[in-house]
Amino acid sequence: MSGGRSLSLVVRTPGDVALEERDAPVPGPGEVLIRPDVVGLCGTDLELVAGVVDPAYTRYPLVLGHEWSGTVVSADGPGLAPGTRVVAEGVIPCGHCARCRAGDTNLCATYDELGFTRDGAAAGYVAVAAPLVHAIGPGVSAEDAALVEPASVVYRALAGSAVAPGCRALVVGDGTVALLAVRLLGLWSPGEIVMLGRRAGQAGPAAGAARFETSPEAAGTGYDLVIEAAGTTDAVLTALAAARRGGSVVLIGLPPHGDTAAVPVDDLVNNDLTVRGSFSYTSSAWRDVVALLNSGRLHLDFVVTHRFALADWQQALDALRGSESPRGKVMLTIGSPEAPPEVRS
């Protein structure tokens, strides 16, 4: 089934972004054709626009949109009837390499991801393999579902960390990923959560943090677990300095490709620190986050502060670049079952 033609937000080459009219993808065997409803934009999208993402992880021209939810138009196979509201994993694992067989689908030998190496969901339609598509419950908003992607990144990082009931945790950063980290940390009942941000106005969205600080001195040190979610080399150094001896530091933020930091290696050794990088999410983490949303135990749309129509994409990117605070997730409204964003010819 074809969805006709629709508008897509395309990065033709770095720095060259436009709305283009494109044919809807033709779903292949075992694929689901989905009409996106909302798409979240993040700092990585700005880096894709600027062309500073590691070229091993992107291809141009590229339709943006790796955080999204939508509605099924058609499906090859049972279980996903037209009209079903869904969210879909963006990482497309091969399923047969050693890492995939071990469950580490984020480390698949063949990297492939919607919104990076494949066209994303800032478009009228997107086709996704059925095993990657998950139905969302009636109590889950479209924006909640669109945030499964960044929440799964955070959830996987936390699940593989030293987070435990009663621990003291510091989150470095005040953007969407950091805000989600504060919320998700609460699932493990830590004794204290502190957020170290740059913008005082972000204290409001930081629900769940006992304190919001804007200086490392005020945040203090001695934390059992430090989550770096700012994506800068300075934030990495701050995170390392804030952990207690024998503590753990988890790096989620992703600085621009090639950025380096002068790490005091002797401190890492003398303080017996565990430092772990966490890349993306696994299919298992994704399923867990969807289950938490569908059960009502988790709500994510509290981080959405800005909403724009697809036609206003430039304003959306400007809002993402700006220093206005509070600012959490910037959302693009693509369409709805009642009003699909089509351009018929």
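The structure described here is a predicted model. In this model, the side chain of N294 reaches the backbone nitrogen of G137 at 2.7 Å. The side chain of N294 also reaches the backbone oxygen of A135, at 3.3 Å.

N294 is placed in helix 9, which covers residues 283–295. With residues up to four places away in sequence left out, N294 touches A135, I136, G137 and V140. N294 and G139 are 155 residues apart in sequence, and their C-alpha atoms are 7.2 Å apart in space.

An open sheet is formed by 6 strands in the order 11-10-9-12-13-14, and their pairing is parallel. Its edges are strand 11 (211–213) and strand 14 (274–277), each of which pairs on one side only. From one strand to the next, the twist averages 20°.

Strand 9 (residues 168–172) is joined to strand 10 (residues 192–196) by 5 bridges, and the two run parallel. Strand 9 also pairs with strand 12 in the parallel sense, over 4 bridges. Residue V172 illustrates both pairings: its bridge partner in strand 10 is L196, and its bridge partner in strand 12 is E228.

Strand 12 is mostly covered, with 5 of its 6 residues buried. Strand 12 and strand 13 pair in the parallel sense over 5 bridges, and L225 stands opposite S248 in strand 13. How does the chain cross from strand 12 to strand 13, and what is the hand of the crossover? The chain passes through helix 7, and this β-α-β crossover is right-handed.

Helix 7 (residues 233–242) lies across several strands of the sheet, namely strand 9, strand 10, strand 12 (223–228), strand 13 (243–251) and strand 14. Helix 7 runs at about 150° to strand 13.

Why does E213 count as buried? Its relative accessibility is 18%, and the cut-off for a buried residue is under 20%.

The side chain of E213 is joined to that of R211 by a polar contact of 3.0 Å. Apart from its neighbours within four places in sequence, E213 is in contact with V194, M195, L196, G197, A218 and A219.

Another open sheet has 3 strands in the order 2-1-4, with antiparallel pairing. Strand 2 and strand 4 (62–63) stand at its edges; each has a single partner strand, so one side of each is left without a neighbour in the sheet. Strand 1 and strand 4 run antiparallel and are joined by 2 bridges. V10 stands opposite V63 in strand 4.

## Helix 10 and its surroundings

Helix 10 spans residues 313–321, and its buried residues are W313, A316, L317, A319 and L320. Seen down the helix axis, these buried residues fall within an arc of 155°, so they line one face of helix 10. They pack against strand 1 (5–13), strand 2 (16–23), strand 3 (31–41), helix 1 (43–50), strand 15 (304–309) and strand 16 (329–333).

Helix 10 also belongs to a right-handed β-α-β unit together with strand 15 and strand 16. Strand 15 and strand 16 pair in the parallel sense over 5 bridges, and the bridge partner of F308 in strand 16 is L332. Strand 16 is joined to strand 3 by 4 bridges, and these two strands run antiparallel; here V38 stands opposite T333 in strand 16.

Note on methods. Residues numbered from 1 in each chain as written. Predicted model: local features only at pLDDT ≥ 70, side-chain atom pairs only at ≥ 80, totals over all residues. Heavy atoms only, no water. Buried < 20%, exposed > 50% of the residue type's maximum accessible area, 1.4 Å probe, protein only. Arc of directions from axis to C-beta. Contact = heavy atoms within 4.5 Å. Pairing = 2+ DSSP bridges. Axes fitted to C-alpha atoms, helices over the stretch in contact; angles between N-to-C directions. Right-handed = clockwise from strand over helix to strand, strands pointing away. Polar contact = N/O pair within 3.5 Å; in protein donor to acceptor, adjacent residues only side chain to side chain.
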